[in-house]
Amino acid sequence: MDKSFQNKPTLNRRQLLRSAMSSTGIALATPLAQASSLDPTKQQGESASSLGARSPEIEINRKPAFGVVSLTPLEQLHGTITPADLHFERHHAGIPALNGEHHELVLHGLVERQLSFSVADLQRFPAVTRSCFIECSGNYFPQAGDRSPPHMICGMTSQSEWTGVSLATLLREAGVKPSASWLLAEGSDAAIMARSIPLAKALDDALIVYAQNGEPLRPAQGYPIRLLLPGWEGNTNVKWLRRLEVLDAPTMNRQETSKYTEPMLDGTIRQFSFEIEARSIITSPAYPYTIAPGWREIRGIAWSGRGKIKGVEVSTDGGKSWQNASLQGPILSKSHTRFGLPWHWDGQPTTLLSRAIDETGYTQPTLAEIYKTRGPGSGPYHFNPITGWDIHKDGEIRFSPTG
Amino acid sequence: MKAFSLLVPALVTLILGVSVFAADEPARWLIGQPVGAQQLQKIDIDVLPDGRGLPEGQGAVTEGRVIYDTQCAACHGADGIGGSYGSLAGGGPVDPAAMAEDRSYQRTIGNYWPYATSLFDYIRRAMPYNKPGSLSSDELYAVTGYLLFLNGLISADSIMSASTLPDVAMPARDYFTTAGSTP
């Protein structure tokens with residue numbers, strides 16, 4: 001048989017389809033399925049390329065919401081690292097287009113030396129790499145009721161490996177004055193969004209980050225540099241960072257007074273609620289998928305802004321009894337942690353729940369427990385209730401905000 | 001021996017502690033440029049509650065009404081009420097417990113903002129939405145004053161400036177507490 005005639009038409013069509021797909025961003029599964037229904041062992045495949053792509057069969061993207069947010073599709077992901085292009089977004093005035101080469105970070109205020117750093121300057125300091133989640137504190141919007149998938153329940157959380165310079169190193173370089181106790185971090189977006197940060201956190205594990213999952217920070221996550229405060233509410237991790245001012249008091253700006261504060265049932269308004277509390281969610285089985293009776297693993301992610309996850313308990317009987325799930329190691333501090341529990345579904349209706357416990361002993365609360373100190377109006381911040389999935393007799397799954 | 005075993009964790013803490021750096025790191029890296037005063041002046045825009053950072057200038061409530069009606073009302077509603085981004089004025093009294101029960105209890109400047117300076121700071125940074133940073137210092141004082149007036153916090157003949165703005169009493173201030181550990 002003449003092998004050369006088999007190769008040419010198939011490759012041309014595949015190349016055409018691939019370039020069409022990359023320009024439209026749509027996965028055209030059917031034509032290539034037809035193409036690949038021809039035996040792939042009988043013809044040369046795709047050649048090497050400069051930028052990898054997902055399989056055209058894979059449709060995975062984040063979900064835009066409210067115009068200023070896009071949600072990570074937690075129900076479609078495996079492992080713990082969130083691919084950089086699926087990291088959730090939350091902006092206050094859109095993504096600014098910044099020039100990394102000309103960008104400067106100004107460090108001034110109560111310091112011995114007021115300094116300005118280029119990104120190249122920052123990369124001359126020792127690089128620190130660590131993985132951790134970022135989560136918006138307003139991360140509970142099951143707006144589709146019982147048809148809310150995991151991305152609606154808590155899709156504003158993502159896990160990355162971050163690389164940058166320790167803020168403590170920069171503060172040491174500038175020389176912090178004894179009267180200093182706070183730091184204002186300010187970004188270059190159209191809201192010039194800023195937050196006041198206690199100096200203790202700045203000197204602890206704060207990083208000025210320039211890389212995300214091995215490559216330069218994405219614009220949606222703050223290119224060319226952002227502040228990273230592991231475990232602290234997303235808003236404090238200021239993106240498109242342009243200025244750090246060392247101060248002797250918080251500025252009490254809008255983002256830490258009018259916003260990101262919680263009215264409490266005891267008549268106070270809670271401010272500077274920096275830490276993201278422990279939380280978990282079952283990502284499989286979950287709406288909108290259906291299951292059949294038999295064995296499977298219940299799996300999900302758990303995390304805490306206060307440190308490591310110590311354990312995750314799962315209930316397969318609507319909360320009557322709980323079992324310890326296995327945790328996928330290595331268990332990292334302030335990081336999404338995978339948990340799993342083998343489960344045999346007997347085809348009867350039930351509810352699956354998970355609850356996280358962190359190394360400080362804090363246990364993820366039920367909504368009723370949250371409602372003892374904060375009411376339904378206290379939101380949208382720091383709502384981390386135990387949530388679950390109702391499994392119907394026909395294998396359909398519905399969100400269950402119980403616990 | 002016991003003293004030594006106590007000393008080791010202390011030494012580890014010291015070595016990993018913030019104020020001590022690794023042995024091969026220089027005391028000063030000499031990386032970065034000194035910041036120019038002009039460069040700083042352009043971006044050092046934050047305002048503290050005691051008034052530090054407020055620029056020169058002043059604005060009357062009456063002037064602020066004109067700015068508000070032309071540049072703000074479209075999004076924030078006539079008289080600061082009923083706009084698509086929530087009401088800025090016309091809220092009930094400070095009542096965090098009622099707010100905690102019911103999200104529809106509007107959080108306005110008058111019943112939720114603890115400092116008037118924050119208003120100046122925010123408008124200067126981010127407003128108007130389609131032209132942020134376009135208002136002059138005088139205009140900022142004026143429109144900030146008008147919003148405070150709409151909330152019943154200053155009189156219609158008030159002039160806001162670096163000396164008067166920090167002194168505006170804000171009803172919500174004493175209700176703010178720093179977070180502890182609650183569920």
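**Ground rules**

I number residues from 1 along each chain as its sequence is written, chains are lettered from A and ligands numbered from 1 in the order in which they are written. The model is predicted, so I noted that local features need pLDDT of at least 70, side-chain atom pairs count only at pLDDT 80 or more, and totals for chains, interfaces and linings use all residues; side-chain values use heavy atoms, with hydrogens and water left out.

**Entry 1: chain A as a whole**

I looked up the secondary structure of chain A and found seven helices and 24 strands. Helices (H or I, at least four residues) and strands (E, at least two) are DSSP runs, numbered from the N terminus.

I then took the overall dimensions. Along the principal axes, the C-alpha atoms of chain A fill a box of roughly 80 × 60 × 35 Å. Does the radius of gyration agree or disagree with that of a compact globule? For 403 residues such a globule would be near 22 Å, and chain A has 24 Å, which agrees. The radius is taken over C-alpha atoms, and the globule rule is 2.2 Å times the number of residues to the power 0.38.

Next came burial. Of the 403 residues of chain A, 57% count as buried. Buried means under 20% relative accessible area, exposed over 50%, and partly exposed in between (1.4 Å probe, protein chains only).

I also checked contacts, meaning heavy atoms within 4.5 Å. Of the contacts in chain A with a separation of 6 or more, 70% are between residues 24 or more positions apart.

**Entry 2: Ser166(A)**

Where does Ser166(A) sit? I found Ser166(A) in strand 7 of chain A, residues 157-166. Ser166(A) counts as buried because its relative accessibility is 16%. I set aside neighbours within four places in sequence, and Ser166(A) then contacts Val128(A), Ala206(A) and Leu207(A). I also compared Ser166(A) with Val176(A): they are 10 residues apart in sequence and 15 Å apart in space, C-alpha to C-alpha.

**Entry 3: backbone exceptions in chain A**

Most residues other than glycine have a negative phi, and most peptide bonds are trans. I looked for exceptions.

Asn213(A) has a positive phi, near 50°. Asn213(A) lies in the loop between strand 10 (207-212) and strand 11 (215-216). At 26% relative accessibility, Asn213(A) counts as partly exposed.

Phe272(A) also has a positive phi, near 55°. I found Phe272(A) in the loop between strand 15 (269-271) and strand 16. Is Phe272(A) buried or exposed? Phe272(A) counts as buried, at 8% relative accessibility.

Then I turned to peptide bonds. The bond from Ser284(A) to Pro285(A) is cis, with omega near -5°. The bond from Tyr287(A) to Pro288(A) is cis too, with omega near 15°. Pro285(A) is in the loop between strand 16 (279-284) and strand 17 (294-303). Pro288(A) is also in the loop between strand 16 and strand 17.

**Entry 4: chain B as a whole**

Chain B has eight helices and four strands. From the N terminus on, I read the order as α-β-α-β-α-α-α-α-α-α-β-β. Of the 183 residues of chain B, 44% count as buried. Among contacts in chain B between residues at least 6 apart in sequence, 58% join residues at least 24 apart.

Two packed helices are described by the angle between their axes and the distance between the axes. Axes are lines fitted to C-alpha atoms, for helices over the stretch in contact, and angles run from 0 to 180 degrees between N-to-C directions. Angles under 35 degrees count as roughly parallel, over 145 as roughly antiparallel, 65 to 115 as roughly perpendicular, and the rest as oblique.

I began with helix 3 (residues 61-71) and helix 8 of chain B. They pack at about 95°, with axes 7 Å apart. Helix 3 and helix 8 are therefore roughly perpendicular. Helix 3 contributes residues including Ile67(B) and Tyr68(B), and helix 8 contributes residues including Val143(B) and Phe149(B). By class, the contact has eight nonpolar, two polar and four charged residues. Ala, Val, Leu, Ile, Met, Phe, Trp, Tyr, Cys and Pro count as nonpolar, Asp, Glu, Lys and Arg as charged, and the others, Gly among them, as polar.

Helix 7 (residues 116-126) and helix 8 (residues 137-150) of chain B pack at about 130°, with axes 10 Å apart. Helix 7 and helix 8 are therefore oblique to each other. Among the residues in this contact are Leu119(B) and Phe120(B) of helix 7, and Leu140(B) and Leu147(B) of helix 8. This contact has nine nonpolar, two polar and one charged residues.
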